[in-house]
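Here is a short note for someone opening this entry for the first time. Please keep the viewer at hand while reading the points.

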Amino acid sequence: MVPKLSSKGTREITDEVLVWFLLRIWDRFQPPRAPSWTASPAPSDNLQRTMNLIMPLRRRHVLRRGELLRDLSEATDMLTVGLNNVGTVHFARFLVVGRHLCMISVYDGELSGYIRDFIGTIGQAFEMVMKHVKDPPPRPVSEHPDEFIAWVAAHDAFQFPDERTDLYPELGRLRREALLVLRRNPHVQLGVYRCYPGYSAAQVRESLEIGW
Amino acid sequence: MTEESAADLIRGICRVFPHHRPGTRPIHSYGVVARGRFQPNEVARRLTAAPLFMNHPEVDVTVRFSNGTGNAGSSHAGPSVQGMAARFHSRPRRPMPERSDARRRAGDRDGRDPGWDDVTDGCFDLVATTLPVFYVRRLATFRDFLAAAEPPDRPLRRPWWRTPLDRMNLRAPREDAHPGDEGVVAFAAKHPEACPALAAQFGAKMPESFATRSYHAAHAFRLAHAAGGHRHVRFVWEPVAGVRFTSTKAIDLRAELTERGRREDIHFVLRATVAEQGDDIADPARPWPKGRRRLVLGLLTLNGFTGDDGEDLEFNPHHLPNGIDVDQRDELFHVRNQVYATSARWRKAQRTSGGGEWSRS
């Protein structure tokens with residue numbers, strides 16, 4: 001028996017269908033602006049940047065996820081020493097969310113420099129992880145750094161700007177622009193909280209006197 | 001700015017609010033006063049050499065919370081902007097030994113030191129609102145904004161085609177649009193610098209209390225520190241009770257705060273966001289990136305609530321102590337000096353003699 005929809009439910013479904021059609025049309029004729037990242041003279045603009053790497057799993061069976069867990073556990077020492085040596089990472093963690101393996105991190109500097117540091121220090125750990133990922137980058141990653149950086153950029157979740165109006169500087173168009181971006185990007189970062197904004201990992205270590 | 005220009009600006013603001021009552025502030029006209037003390041911490045003393053913070057473990061503070069419009073209604077209807085004007089007094093308040101009818105007639109509202117509120121030498125008036133930034137940078141643009149925000153003489157009927165056109169354009173519907181909003185949105189299309197402030201205004205919800213909002217002083221203040229040198233910061237008051245909203249459509253925030261204040265002390269933390277290279281310190285309409293360093297400067301405790309509306313209190317952002325000032329290129333900050341002073345003079349004339357500019361405007 002088909003459950004009867006409330007009038008609110010009917011309205012919501014009607015809106016969703018309408019918006020689905022409208023977004024296809026708007027995306028064709030007025031696609032969303034691509035974000036433009038410009039170098040900034042302000043030090044804190046290059047600190048505590050976020051990376052949300054969303055990697056589709058090749059196979060999600062529990063046995064394969066068990067193998068992933070085993071491989072990451074065996075790589076713990078490699079990852080810890082490697083990230084310590086990089087020195088610019090505040091936090092990094094691996095998650096399995098649904099059909100994806102995610103690496104979420106907060107780092108200082110810019111993305112390509114961060115990835116190159118990664119390749120140099122924990123490239124082997126990434127090799128162990130990549131065999132679980134669908135459509136991985138060319139391997140070994142240490143021999144294909146540019147391709148790996150491009151692959152990471154393509155799998156990094158879209159980051160909405162902290163100021164909504166940075167997405168598009170016109171109030172009347174802001175919602176449409178946001179919906180178009182959400183349509184193009186299944187994975188998005190909606191916002192970030194920073195407990196101590198504007199400080200690098202090095203400054204935190206120095207102020208806590210924990211050495212490096 | 002001349003007195004006449006200030007008068008023009010005040011009249012322009014009043015025209016935006018058709019229910020404005022002469023004798024009240026042209027904006028932030030509905031308010032309630034709270035008194036308490038601010039305790040600066042070591043971070044504040046390192047950040048600024050202002051004697052106000054350096055020389056006192058605690059500073060007496062008078063705060064006036066207010067609505068963000070010029071409609072001095074008895075209840076605060078609908079979600080909108082709120083204001084928080086705080087005076088850090090340059091000298092402590094002396095409690096009087098007894099309270100008498102004579103003192104009350106002399107204007108001593110709660111038995112302490114009449115005239116103390118009017119001592120402005122060395123005090124610091126920090127005027128803040130729930131908007132993170134202001135609408136515009138320039139005075140000329142602000143006049144255009146006021147003209148755009150004036151409600152039409154007759155309420156315009158929304159054309160029948162506007163709603164389906166907005167849906168086709170995927171524009172967000174607004175349930176509580178006010179007269180004048182159409183003009184403001186059209187203004188924002190030509191002045192994108194107004195978008196951050198307007199996005200915050202249009203997204204405002206009904207607060208649970210004056211005590212559960214954060215308040216931003218949009219201008220950048222230059223703080224000189226004892227070691228020489230200076231930094232530019234923007235201040236924000238953050239409620240210790242947290243930012244909270246209510247689904248109630250209209251609420252008497254004055255009564256709510258007075259009642260809340262009788263039950264418990266109300267606390268705010270004063271934070272300063274520090275500017276970095278490339279941040280515009282003269283444009284109150286431009287947000288600074290959220291990744292800027294934030295410092296906690298101290299704790300405000302409010303525990304004196306009488307329900308007084310504070311209409312006779314004369315805040316002025318130009319009341320700045322030694323060691324704190326604002327860049328000369330911040331045009332609107334320096335315009336506010338004359339505007340606030342003129343408005344205060346008109347209000348006083350209205351209160352004392354029932355005449356003055358309000359009766360002519």
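**Notes on the model**

1. Start with the sheet of chain A. Three strands form an open sheet there, in the order S1-S3-S2, and the pairing is antiparallel. Please keep in mind that this is a predicted model. The edges are strand S1 (49-56) and strand S2 (89-97) of chain A, each of which pairs on one side only. From one strand to the next, the twist averages 10°.

2. Look next at one pairing within that sheet. S2(A) and strand S3 (residues 100-107) of chain A run antiparallel and are joined by eight bridges. Which residue of S3(A) is the bridge partner of Phe94(A)? That partner is Met103(A).

3. Now the whole of chain A. The chain has seven helices and five strands. Read from the N terminus, its elements follow the order α-β-α-α-β-β-α-α-β-α-β-α. Along the principal axes, the C-alpha atoms of chain A fill a box of roughly 60 × 50 × 30 Å.

4. Two backbone details in chain A deserve a check by eye. The peptide bond from Arg139(A) to Pro140(A) is cis, and its omega is near 0°. Pro140(A) sits in the loop between helix H4 (111-130) and helix H5 (145-155) of chain A. The other detail is Gln48(A), which has a positive phi of about 50° although it is not a glycine. Gln48(A) belongs to the loop between H1 and S1 of chain A. Strand S1 of chain A is one of the edge strands from point 1.

5. Turn to the interface. The size of an interface is often given as the accessible area lost when the parts come together. Between chain A and chain B, the buried area is about 2400 Å², and carbon and sulfur atoms give 55% of it. On the side of chain A, Leu171(A), Arg175(A) and Pro197(A) lose the most area to chain B. Together these three account for 22% of what that side buries.

6. Three salt bridges are found across the interface of chain A and chain B. Lys290(B) forms a salt bridge with Glu163(A), and their closest N and O atoms are 3.0 Å apart.

7. Last, a helix pair in chain B. Two packed helices are described by the angle between their axes and the distance between the axes. Helix H5 (residues 139-149) and helix H7 (residues 181-190) of chain B pack at an angle of about 145°, and their axes are 7 Å apart. From H5(B), the contact uses Thr141(B), Asp144(B), Phe145(B), Ala148(B) and Ala149(B). From H7(B) come Gly183(B), Val184(B) and Phe187(B). By class, this contact has five nonpolar, two polar and one charged residues.

Conventions: Residues are numbered from 1 along each chain as its sequence is written. Chains are lettered from A and ligands numbered from 1 in the order in which they are written. This is a predicted model: local features need pLDDT of at least 70, side-chain atom pairs count only at pLDDT 80 or more; totals for chains, interfaces and linings use all residues. Side-chain values use heavy atoms; hydrogens and water are left out. Buried area is the accessible area (1.4 Å probe) that two parts lose on being put together, summed over both. A salt bridge is a side-chain nitrogen of Lys or Arg within 4 Å of a carboxyl oxygen of Asp or Glu. Axes are lines fitted to C-alpha atoms, for helices over the stretch in contact, and angles run from 0 to 180 degrees between N-to-C directions. Helices (H or I, at least four residues) and strands (E, at least two) are DSSP runs, numbered from the N terminus. Contact means heavy atoms within 4.5 Å. Ala, Val, Leu, Ile, Met, Phe, Trp, Tyr, Cys and Pro count as nonpolar, Asp, Glu, Lys and Arg as charged, and the others, Gly among them, as polar. Two strands pair if DSSP finds at least two bridges between them.
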